[in-house]
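Colleague: I would like to learn how to read the features of a model like this one. Could you walk me through it?

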Amino acid sequence: MKRMLQRFSIRARIIIGSTAVVVVLVLAAGTAVYAQISSIAVSREKAVLHGIAEVYRGIIKEDPAGPFEKPGVDQHVAIIAPDGAVRMDTLPKDLAEHLDELTRPGPALREFRFGETYYVYLDVVDTPQGSWKVLVTRESDIAAGIVSGVSALLWTLFITSAVLFAAGAWAVATAALRPVEHLRRGAERLTLHRGEKGLLPVSGTGDEIDALARTLNGLIEDVRAAGAREQQMVADASHELRNPMAVLRAQLELVDGTDPEADRELLGQARATLNRLIRLAQAMLELSRIEAGSAPEKTPLRVLAEEVTERVDRLRWRLAEPSSELRGEIDLHIGLLTPDATASLDAAGIGHVVDNLVDNALRAAGGEPVHVRVALDQDQDGFELLVSDDGPGFDPLITDRAFERFTRSDTSDYPGGGLGLAIVARVAQLAGGQATISSAPSRGAEVGIRVPVSRPESDRRSPNTHQR
């Protein structure tokens, strides 16, 4: 039944379903009314027949030997004496042929079907001579006519109400689905004209369909924004990858084997260019995964602190490698008020922040020693992860847009791809926070994120602070 209904339109399903409910209710009500009317008709018939029988009972009591007058029009009576003699019989032929069956002991009022339906009333009159039996009936169409008329009226009301309700349901369903049709046409228009910036029509009524339209418009705007970001990413990537790839190609073409020393220098430059391309591709993939992901689940601050500690230890090992082109030292400070408080940031997210900010601070020094400090602190409103350094700082011309993709200073020799801070800003945004930056030329920079936390009501621990 469910699969059958699914083949119909929503309008048809509404009409069929609502009409079926009304049909069942009206049918149940009509059945109850019919049963009540039938019961009343039978009770009335019994009262009439009993009244007729009472007349003959009185005659039998007073003078059973006397003659019996015939009953009125459409009334039929049979009187059987105690010796079995039929003293009077005006019954219809169908009943007269079954007189023995009619006089058997049983209920006073009985229904018999002999070609037609008859209600027969049997009254037993006890006298000193014995028991007389008085059978009384009327024309069968009197009671049956009443019931039949009521039945016809009920069926007429049933069919009429079903038709009228189906028509009303069609009108209501059509009116209710008209905004849906407007939505469908709006969606069809947007599909045919993909460059069009319009949205689905909103009626402003505040009903469920209006809420659906607003939700779909929000989805459309999100999809458009995602598409715009994707197009921008592709355009920026093609632009950013074109230059280093052209440089790499030119460097490799200059290696001709005639001057080993010059070839060695060119290969070193090509290797550096290739490493830059690899870092840029990795950053683009990382940002793409972060953009495509949803808001992370809540994570306790102690877990985030452990991840920050682990990432800093890895970076320290990297600095200690003899082949590392970076020089400097990294200090770590963690100060948590409530380690079990949670934030909408996972360990991987805060790891991306630490890696990108520390890597930026080390590479911005251009191979010179730099002191980097990583601090994770919590206050009453949230926590803050700050990475500060004593390097050259940011170019004042790009500080305000440092978190935009592929933003780099024209005067800087820093070989980054311009995506590290964009990744940091996106991680903070997904966590419900924001990225911050402050810088002064030749006095270093301080970059970080601030994220709100959900603090346990019962947790009132003392600050957990340590230096590393």
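Predicted model: local features only at pLDDT ≥ 70, side-chain atom pairs only at ≥ 80, totals over all residues.

Colleague: Is the crossing of α8 and α9 right-handed or left-handed?

Modeller: The α8 and α9 crossing is right-handed.

Colleague: Some of the contact residues carry charge. Which residue does arginine 318 meet in a salt bridge?

Modeller: The general idea first: side chains of opposite charge can pair when their charged atoms come close. In this model, arginine 318 forms a salt bridge with aspartate 359, at 2.8 Å from N to O.

Colleague: Which residue forms a salt bridge with arginine 311?

Modeller: That partner is glutamate 307, with the closest N and O atoms 2.7 Å apart. Arginine 311 and glutamate 307 are separated by about one helical turn, because they are four residues apart in helix α8. Arginine 311 is buried, at a relative accessible area of 11%, and glutamate 307 is buried as well, at 14%.

Colleague: What does a salt bridge between aspartate 340 and arginine 302 look like?

Modeller: The side chains of aspartate 340 and arginine 302 meet at 2.9 Å, N to O. This pair links distant parts of the chain, 38 residues apart: arginine 302 sits in helix α8 (residues 301-320), and aspartate 340 in the loop between β7 (328-336) and β8 (342-343). Aspartate 340 is partly exposed at 28% relative accessible area, and arginine 302 is partly exposed at 40%.

Colleague: How many salt bridges does the count come to?

Modeller: The count comes to 13 salt bridges.

Colleague: Let us move on to strands. Which strands pair with β10?

Modeller: Strand β9 (residues 370-378) runs antiparallel to β10, and seven bridges join them. Three residues lie between β9 and β10, which form a hairpin. Within this pair, alanine 375 has leucine 386 in β10 as its bridge partner. Strand β12 (residues 445-452) also pairs with β10 in the antiparallel sense, over seven bridges. There, leucine 385 stands opposite isoleucine 449 in β12.

Colleague: How many residues of strand β10 are buried?

Modeller: Six of the eight residues in β10 (residues 382-389) are buried, so the strand is mostly covered.

Colleague: Where can I find a positive phi in a hairpin?

Modeller: Look at the hairpin of β1 and β2, where five residues lie between the strands and glycine 84 takes a positive phi near 90°. Strand β1 (residues 75-80) pairs with strand β2 (residues 86-89) in the antiparallel sense over three bridges. In that pair, alanine 78 stands opposite aspartate 89 in β2.

Colleague: And where does arginine 401 lie?

Modeller: Arginine 401 lies in the loop between β10 and α10 (420-430), and is partly exposed at 37% relative accessible area. Leucine 421 is 20 residues from arginine 401 in sequence, with 9.9 Å between their C-alpha atoms.

Colleague: Let us finish with the whole chain. How many helices and strands does the chain have?

Modeller: The chain has 10 helices and 13 strands. Of its 468 residues, 36% are buried. Among contacts with a separation of 6 or more, 63% come from residues 24 or more positions apart. The accessible surface is about 27200 Å², and carbon and sulfur atoms account for 56% of that surface.

How values were computed. Residues numbered from 1 in each chain as written. Heavy atoms only, no water. Salt bridge = Lys/Arg side-chain N within 4 Å of Asp/Glu carboxyl O. Helix = DSSP H or I, 4+ residues; strand = E, 2+ residues; numbered from the N terminus. Buried < 20%, exposed > 50% of the residue type's maximum accessible area, 1.4 Å probe, protein only. Pairing = 2+ DSSP bridges. Contact = heavy atoms within 4.5 Å. Areas by Shrake-Rupley, 256 points an atom, 1.4 Å probe, with all protein chains shown as cover. Left-handed = near helix turned anticlockwise from the far one by under 90°.
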